[in-house]
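Subject: A structure for you to look at

Hello,

I am passing a structure on to you, and I hope you enjoy looking through it. Please open it first, and then read on.

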Amino acid sequence: TFGAGQPIVGAQLAPAAGAPVEAENGRGRGRGRGRGRGKRKERDETRAPRQPSAYNLFMKSEVARLKQTNDQLTHKEAFKEAARNWGSAPSNPQKKGSAEAKEEGAVEAYDEAGDDAGVA
């Protein structure tokens, strides 16, 4: 607090609204160290490109199929529809009602029940 008769010096004034706040070192706002921008790794030109995922392959063919069936569809609309179709696609490994998932669930249930399941 300021006593009566004490002059207010510039360092004690709050900065104006919207004015940039300088850190003690003069390099920015002074909000801690932050992440900063790390050095970029050099690209290995001999490395083979990553293989497309099942989703990438599905989307490529599905967007093309949707555009072929409906000429008026924009790319954005076709992509949205293809993404919705991915949920029920047979090539989706995370599909909820797939036959493989049901089969795996049945095998797991049998394994948990043990050999004497169903024997009275």
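Predicted model: local features only at pLDDT ≥ 70, side-chain atom pairs only at ≥ 80, totals over all residues.

**The aromatic rings**

There are 2 aromatic pairs in the structure. In one of them, the ring centres of Tyr55 and Trp86 are 5.3 Å apart and the planes stand at 80°, which makes the pair edge-to-face, because angles over 60 degrees count as such. Tyr55 belongs to helix H1, which covers residues 54–69, while Trp86 belongs to helix H2, residues 75–86, so this pair ties together parts 31 residues apart in sequence.

Trp86 also pairs with Phe58. Here the centres are 5.2 Å apart and the planes are 50° from each other, an arrangement classed as tilted. This pair, too, links distant parts of the chain: Phe58 sits in helix H1 and Trp86 in helix H2, 28 residues apart. Taken together, the ring pairs join Tyr55, Phe58 and Trp86 into a cluster.

Tyr55 is partly exposed, with a relative accessible area of 30%.

**How the two helices meet**

The angle between H1 and H2 is about 125°, and their axes are 9 Å apart. H1 and H2 are therefore oblique to each other, and their crossing is right-handed.

On the H1 side, the residues making the contact include Tyr55, Phe58, Met59, Val63 and Leu66. On the H2 side, Ala78, Phe79, Ala82 and Trp86 are among them. Sorted by class, the contact of H1 with H2 has 11 nonpolar, 2 polar and 4 charged residues.

**A residue in the loop**

Finally, have a look at Asn92, which is placed in the loop between H2 and helix H3 (99–113). Asn92 counts as buried, at 9% relative accessibility. Which residues does Asn92 contact, leaving aside its neighbours within four places in sequence? They are Trp86 and Gly87.

Best wishes

Key
Residues numbered from 1 in each chain as written. Heavy atoms only, no water. Phe/Tyr/Trp six-rings, centres within 6.5 Å; stacked < 30°, edge-to-face > 60°. Helix = DSSP H or I, 4+ residues; strand = E, 2+ residues; numbered from the N terminus. Buried < 20%, exposed > 50% of the residue type's maximum accessible area, 1.4 Å probe, protein only. Axes fitted to C-alpha atoms, helices over the stretch in contact; angles between N-to-C directions. Parallel < 35°, antiparallel > 145°, perpendicular 65-115°, else oblique. Left-handed = near helix turned anticlockwise from the far one by under 90°. Contact = heavy atoms within 4.5 Å. Nonpolar A, V, L, I, M, F, W, Y, C, P; charged D, E, K, R; others polar.
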